[in-house]
Amino acid sequence: MYEKRRLNDFPFFETVQEILSHYSCPSTCPAICCKIADINLDENDMQILRQASKYKADKIKSCNEYGELHYKMYPPCPFLEFDKCSVYEWRPTMCRMFPFNICNMPDALLLFPCDMGVSIFEDYVEYSENILKQPVPAKTIDAFEQSHCSFDIKLNKGLPIPMLIIKIDELISLKNI
Ligand code: SF4
Ligand code: SF4
């Protein structure tokens, strides 16, 4: 999916941007997403990154993991400097979606259980219960809370961090928060 069209061509990209406009990352977060996420880039992302730092951009490996040529950056991101993005204005499309991430399900995104992800999730739970009158299932809330609670331990041990799967049509209600 990602490699056939640009990620920001998808309607969910705009929706995610709208949601994120209401949140900001806490200054205490040491850019964890940039230290653990694989970043897929397309040629447009690469062209933009080359304007910021040709030297580093030229070192990014191309790959055809999904059958078409694109690029991938492995964590920790080479553009991370002192826990800050050194190419923030030029950062790739996927980075503009943190703490949301694409997944291999075409109708869903992942939500990362970091501090900002928790803020978004808490608002979502409240909105679903009070406005939509469709409470989020308790097991989903428990799973996300557990994932957040074990976040630091798993991070330090290099273990996979479970993320919440959010159906893309549920993003619309998140947008209304
Ligand atoms: S998206 Fe989450 S992990 Fe990334 S900088 Fe923001 S709070 Fe930290
Ligand atoms: S380009 Fe910037 S925002 Fe994206 S992963 Fe690297 S440091 Fe983080």
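This is a predicted model: local features need pLDDT of at least 70, side-chain atom pairs count only at pLDDT 80 or more; totals for chains, interfaces and linings use all residues.
The protein contains eight helices and eight strands. Its C-alpha trace spans about 50 × 35 × 30 Å along the principal axes. The radius of gyration is 17 Å, which agrees with the value near 16 Å that a compact globule of 177 residues would have. Of the 177 residues, 26% are buried. Contacts between residues at least 6 apart in sequence were also examined: 68% of them join residues at least 24 apart.

Two strand pairings involve strand E7, and both are antiparallel. They are listed below with one residue pair for each.

| Strand pair | Residues | Bridges | Residue pair |
|---|---|---|---|
| E6 and E7 | 100-102 and 108-111 | three | Ile-102 and Leu-109 |
| E7 and E8 | 108-111 and 164-167 | four | Ala-108 and Lys-167 |

E6 and E7 form a hairpin, with five residues between the two strands. On the E8 side, Ala-108 stands opposite Lys-167.

Which residues are around ligand 2? The shell consists of Cys-34, Ile-39, Cys-77, Phe-79, Leu-80, Cys-85, Val-87, Arg-91, Pro-92 and Cys-95. By class, nine of these residues are nonpolar and one is charged, with no polar residue in the shell.

Methods:
Residues are numbered from 1 along each chain as its sequence is written. Chains are lettered from A and ligands numbered from 1 in the order in which they are written. A residue is near a molecule or strand if its C-beta atom, placed from the backbone, lies within 6 Å of it. Ala, Val, Leu, Ile, Met, Phe, Trp, Tyr, Cys and Pro count as nonpolar, Asp, Glu, Lys and Arg as charged, and the others, Gly among them, as polar. The radius of gyration is taken over C-alpha atoms; the globule rule is 2.2 Å times the number of residues to the power 0.38. A residue is buried if 20 or more other C-beta atoms lie within 10 Å of its own, exposed if 12 or fewer, and partly exposed in between; C-beta atoms are placed from the backbone. Two residues are in contact if their C-beta atoms, placed from the backbone, lie within 7 Å. Two strands pair if DSSP finds at least two bridges between them.
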